[in-house]
Structures are given as structure tokens and as C-alpha cells.
Amino acid sequence: MSIHIVALGSECPGGVGPGEEAMGQGQLQGGLLWSYLGHGAVAGGPDESSLSNPAFMEYTSRVFGDVTVVVQDCPSWDLLDSDWASVRSVLEQADILVIKYSVNDKLAFQQVRNGYAPRLRPLLRHWGVPVILVAVGARLNDEGPPCTCPLCASDWSSCVPHSEGLQLSRDLGATYLELPSLNHVFVGRYFGSVLEYFMIQCLKQKAKERPEKRRGYKLNEPRPPHLEQPARLPPIRVEESSFSQDLQWLLERGVQFADVAFYSGDSGKELGWGHAAVLCAVSPYFRQLLLGPKARERPVSRCACRGDGGPPSLLSTWDGGLGMEDGSRPDGHLTGRLSRLVVKDPLLCLCLWETLMFLYRGAWEWEHLQEAVGEKLKNSLAVVQLMDRIRSFLGRDKLPRDTPNARAAQLGPQSLVNLFNSPLYSDVIFMVQGNVLPAHRAVLVARCDVMAAMFSGKYAEARSRVVPIHGVSSDTFLSFLEYLYTDTCCPASVLQAMAVLVCAEMYQVKRLQHLCEVCVCAYLQSMPSRELASTGISVIRLLRRAKCHNAEQLYVWLLHFIANNYLIFSHKPDFLELSEEEREQVERLRWPSRGYLQELSEYQQRRRKLKKSRCLVM
């Protein structure tokens with residue numbers, strides 16, 4: 001094997017200018033690469049016809065015993081201007097590129113950095129050739145080892161500073177070396193070690209490109225067939241969360257299930273509606289206001305506008321009717337308790353809708369709230385005051401003044417965690433296998449279309465507080481409710497994930513169905529082959545259930561999964577339950593393929609015949 005090294009530039013001050021002759025034999029023997037190769041270097045290439053360009057001084061040597069090193073050295077950079085095509089052809093054949101310059105020739109270095117390096121940079125990145133940038137010589141004002149301090153280097157007007165050489169090496173993606181002289185210590189130990197490292201890497205790469213000469217395969221021995229990788233399993237796509245949009249819909253159109261009414265403290269005009277369960281889950285202020293120890297006791301305001309004299313709080317309960325029965329609702333559904341709240345702050349009256357929208361959607365809407373309030377009030381001071389009062393709804397003592405991020409984790413999809421399976425403001429009870437599961441109609445209607453139709457239409461569930469659930473286990477329905485409240489789904493096993501998937505399909509919650517599909521795929525994919533072969537879970541029956549309950553993504557994924565583990569599932573009795581169309585698809589996608597197994601059988605037969613034909617004595 002051989003290694004081709006191309007060297008550009010001159011390590012001598014002044015280099016080779018235009019019209020000057022290239023280095024002769026005597027000058028060449030004092031160069032960097034010739035000094036490294038030593039007495040074994042011979043001028044001229046292995047074949048005289050290989051001297052493609054007379055401007056390149058070519059010489060050869062041997063390293064590592066039997067590896068031929070061919071060096072083509074061009075000290076003049078002007079060749080890149082006069083004959084760029086031939087230089088490029090030489091560079092394309094290079095295994096290693098060495099760029100040299102003298103630290104005492106700053107003018108030549110600037111020409112290389114500004115003129116020639118930009119032309120070489122894209123080619124070197126494209127070819128991936130290792131580059132070594134070598135700065136040769138001691139700076140003229142140095143008495144000892146060269147100082148690499150940038151402060152000292154800035155005073156050398158005629159020398160190339162260390163920082164500029166290092167920057168050029170970064171631009172070229174090169175390894176940077178500084179050699180004060182070309183003696184055996186710097187050339188052999190420093191430059192030689194780096195060059196040998198790249199030569200070893202080059203030899204390894206070339207050995208990989210010649211597999212026919214690797215050890216382990218003799219010329220007459222048959223080679224095993226190549227096994228292709230199994231096909232990738234199709235991805236399961238899950239919709240983005242619509243939790244914030246669902247709660248926004250509840251605020252905008254869920255008036256039928258609202259149990260909190262807001263009125264202006266000045267005019268008594270109705271300002272809007274809300275839902276006590278959501279407000280208490282999101283805001284400690286509303287929790288204290290609506291669920292205080294005394295029904296008519298107003299909470300202590302935490303807003304900044306409250307002085308020592310104690311002005312009235314932002315909100316208060318209606319003097320005549322906290323918890324009054326709301327008998328005047330024309331919807332005809334189950335009546336509930338209506339809490340009437342009086343908004344006494346004029347700024348909050350103007351921006352109550354924006355404030356409620358922020359509380360329902362989540363803390364990431366803080367900047368949007370500021371913009372909406374600013375457009376409505378047109379007063380920066382009023383905006384600051386109102387934002388501080390809104391901050392009191394979320395717990396002012398836990399929040400910084402500039403942003404509500406300290407409580408951001410409790411808003412959004414995690415805001416209703418405290419309501420899950422809680423009797424707080426519960427207005428419906430599900431009876432599942434004798435277990436009582438409290439819930440909230442407002443949340444169910446916002447998160448599930450089937451629940452919205454069930455509680456809004458002329459059905460018995462719309463007028464009954466207790467709703468029985470049949471055909472679903474208690475744990476499965478509890479997991480279904482957990483998703484509606486928290487927007488997350490974490491089944492404990494494959495079977496539970498499939499049960500929740502069936503429940504999600506029953507109530508038409510597509511995103512939960514797709515999340516369950518992802519869980520099933522993750523559990524099956526994490527099983528080792530031995531566990532997959534011995535498990536009691538029937539993947540074929542999971543396929544049947546996926547098809548039956550419209551889990552199309554899971555159905556396609558399971559077909560590919562069975563095909564990728566064909567040798568495991570084809571020996572199971574339930575494999576015969578596949579339809580003819582499904583079996584054809586599995587056979588088409590099976591891994592390993594029939595062709596590979598046939599080639600493997602032929603290879604094993606040739607190996608056995610070869611062993612029998614060999615002489616045991618020899």
C-alpha cells in the first residue's frame with residue numbers, strides 16, 4: 001500500500017517568488033518532509049511517468065516497513081494562479097496535505113491567508129483530506145522558545161503571530177504545529193507523530209475499502225450471504241394537544257355548564273360567566289373566595305393597590321345570593337348552585353374577558369395577555385397595575401413581578417390535576433363496576449365530543465347526577481378520565497393500553513387512541529426476542545382488536561412488526577388466524593426473506609462439502 005502526501009508552501013523566509021526557480025536537490029534535502037523521511041528518501045517517483053507537473057518536487061520513501069510514501073512538494077504558491085487545473089488534479093489524489101510557511105515572512109503568509117486559503121477551503125471540506133498547517137522558524141526577537149502571548153505577538157511587525165496561524169488552521173480545518181527549527185527533535189517528535197497518526201488512519205481507511213484482502217476469508221472459501229437490515233417500522237403519528245383550545249371553547253361556548261357569574265360593581269351589569277371547578281383549580285384566589293370557611297367572607301386581597309386602610313378587594317360575593325339556587329335557567333337541565341361575584345376593580349371590569357381567557361388557556365399566554373390589555377387600555381401605567389392584580393390571582397407570593405413562569409407548571413395541561421377524581425365542585429358521578437368516580441361536566445364537555453352530546457342533548461344523563469358506565473372496567477375508565485383532566489396517558493401494560501384504546505374509540509377521543517397506540521408499540525418493541533417468543537400476549541389478537549376498533553396506524557404497525565419477527569410468530573398457533581391478505585403482506589415484508597434463507601442453506605451445504613473434501617491428515 002502507498003500514501004500520497006502533497007506539500008504546499010515554503011518553510012524558508014522569502015519562499016520562491018515569481019520567475020524564480022524551484023528548490024534544487026540541495027535545498028530539498030533541508031526541507032521539512034525530507035528531514036522527516038531521512039536517508040531513505042529518494043528523489044523521483046516510483047514511476048518516472050508519474051511526474052505530472054515539473055513544478056512539484058517528487059520523492060519517495062518507505063515507512064512502517066513496507067508502506068510507500070510518495071511526496072509531491074510545491075514551494076511556490078504562484079502555481080495555483082498559473083496552472084490551477086493541474087494543481088487541483090494533484091490535490092484530488094492526495095491522502096494528506098501539508099501546508100508550510102515561515103513565521104518570519106509575514107507578507108507571504110498574508111498572501112496565502114487572503115488569496116489561496118479561500119480557494120482551498122471548499123475543496124478540502126468536500127474531499128475530507130486531513131490537513132497539517134506547519135509554522136517553521138523562530139521569531140527574530142526571540143532569545144528562547146517563541147512566546148505565543150498575543151500581547152507579545154502584536155509587537156512583531158515582520159513576524160506571523162501565533163494567533164493568526166491558529167486562526168488560519170481553524171478556517172482550513174487543519175492541525176496546527178509550530179516548529180522553531182528543523183532538527184530531529186521538532187521534526188521527528190512533534191511533526192512526525194502527527195503525520196504518522198494521519199498515515200495510520202489513512203491505511204486503516206484503505207484497508208476497509210479492500211474487503212477482499214481482509215483476514216478471515218480465503219480465496220477458495222465460500223462467503224456467507226449478506227443479510228439486509230429489517231424494514232423500518234411505520235411511525236405512529238399523534239395530533240398536537242388541544243387542551244388549551246378545549247378550555248377556551250369551554251369559556252366561549254360552555255355557558256350552559258357555567259356556575260359562576262360576574263357582575264360589575266358600579267352598574268350591576270353582567271360581565272361574563274365562568275366555571276368554579278376550573279377557576280378554583282387554577283387560582284388560589286378564587287379557591288379562597290368560593291370555598292372559604294365562611295360563605296360570606298371575602299378573601300384578603302393580595303394586589304398591590306391595597307393600602308394600609310384596606311380598600312375593597314378585587315372581587316366579592318353577591319350580598320344577597322352566594323350559593324343561591326338558580327331556578328331561572330331556561331336550558332331545562334339539572335340545576336346547580338350559581339355563585340355570583342361582583343368585580344369592584346374598574347380595570348378588571350374592562351379586561352375581565354382577557355383575564356379569564358388567560359386563566360383558562362395557561363401561563364404561556366402571559367405575553368399575549370399583556371398585548372391584549374395594552375391595546376384595550378392604551379395606558380402603560382394602567383397595564384402595569386392590572387397585570388399586578390392578575391398576578392395576585394395566581395398566588396403573588398410565589399411569583400416574581402416580571403413573569404408568572406414560577407407557576408407556569410401549574411397552568412395549562414396540569415391545571416386540572418387537583419380536580420381529577422375529586423369531589424370538589426363535582427356535579428356528576430360515574431358508577432363503574434360498583435366504584436364511584438366523581439367528575440365535572442364542564443371539563444368532560446370541553447374535552448370529549450361524545451360527553452358534550454350526552455350531557456347537552458335530551459338524554460337521561462343530562463338530567464341525572466349519577467351516570468352508570470357499562471362494558472368498561474373501573475381502572476380503564478379512570479385512565480380515560482385522567483387523560484381528559486391532565487392530557488396525559490400512561491398505561492401500565494400492553495393489555496391496559498389496549499383497553500384504554502377501546503374506551504377512547506368508544507368516546508371518539510382520537511388523540512388518546514393514538515397515544516395508546518404509541519404505548520402498545522413501545523411495550524412490544526422493548527421486549528427481547530426470547531420474551532417475545534415466550535410471552536402470553538398474543539400479537540395476532542392485538543392485530544384483530546386494532547382492526548376491529550379502527551386503530552389503523554397500530555394495525556399497519558403490527559403487520560410490519562410480525563413480518564420483522566417472522567421466525568418467532570410463524571411458529572405460534574395463532575399465526576393461522578391471519579387472513580389470506582394479511583398473510584400475503586407478512587410474507588412480502590418478512591425478515592429474513594426467503595431468498596436469504598435459501599442462500600444461507602446453499603452456503604452451509606458448500607461449507608460442509610468443503611470440509612469433507614479436505615484431507616484431515618494434511
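1. A disulfide is a pair of cysteine sulfur atoms within 2.5 Å. By that cut-off this structure, which is a predicted model, holds zero disulfides.

2. Charged pairs come next. Side chains of opposite charge can pair when their charged atoms come close. Searching the whole structure gives 15 salt bridges. Among them are the pairs Lys206 with Asp95, Arg113 with Glu164, and Arg447 with Asp487.

3. In the salt bridge between Lys206 and Asp95, the closest N and O atoms are 3.0 Å apart. Lys206 belongs to helix H8 (residues 184–208), while Asp95 sits in the loop between helix H4 (84–92) and strand E5 (96–102), so the pair ties together parts that are 111 residues apart in sequence. Asp95 counts as buried because its relative accessible area is 19%, and the cut-off for buried is under 20%.

4. Arg113 and Glu164 meet through their side chains in a salt bridge, with an N to O distance of 3.2 Å. Here both partners are in helices: Arg113 in helix H5 (residues 106–127) and Glu164 in helix H7 (residues 162–172), so parts that are 51 residues apart in sequence are tied together. Arg113 is partly exposed, at 27% relative accessibility. Glu164 is partly exposed too, with a relative accessible area of 22%.

5. Where do Arg447 and Asp487 lie in the chain? The pair links distant parts: Arg447 is in helix H16 (residues 441–447), and Asp487 is in the loop between helix H18 (474–486) and helix H19 (494–506), 40 residues apart. The closest N and O atoms of this salt bridge are 2.8 Å apart, and both residues are buried. The pair is also part of a network, in which salt bridges that share partners join Asp246, Arg447, Asp487 and Arg511.

6. The remaining points concern the backbone. Most residues other than glycine have a negative phi, and most peptide bonds are trans. The peptide bond from Trp591 to Pro592 is cis, with omega near -5°. Pro592 is located in the loop between helix H25 (580–589) and helix H26 (594–613).

7. Tyr425 is in the loop between helix H15 (380–393) and strand E13 (428–432). With a relative accessible area of 25%, Tyr425 is partly exposed.

8. Asn550, which is not a glycine, also has a positive phi, of about 60°. The loop that holds Asn550 runs between helix H22 (539–548) and helix H23 (552–564). Asn550 counts as partly exposed, at 44% relative accessibility.

Key: Residues are numbered from 1 along each chain as its sequence is written. This is a predicted model: local features need pLDDT of at least 70, side-chain atom pairs count only at pLDDT 80 or more; totals for chains, interfaces and linings use all residues. Side-chain values use heavy atoms; hydrogens and water are left out. A salt bridge is a side-chain nitrogen of Lys or Arg within 4 Å of a carboxyl oxygen of Asp or Glu. Helices (H or I, at least four residues) and strands (E, at least two) are DSSP runs, numbered from the N terminus. Buried means under 20% relative accessible area, exposed over 50%, partly exposed in between (1.4 Å probe, protein chains only).
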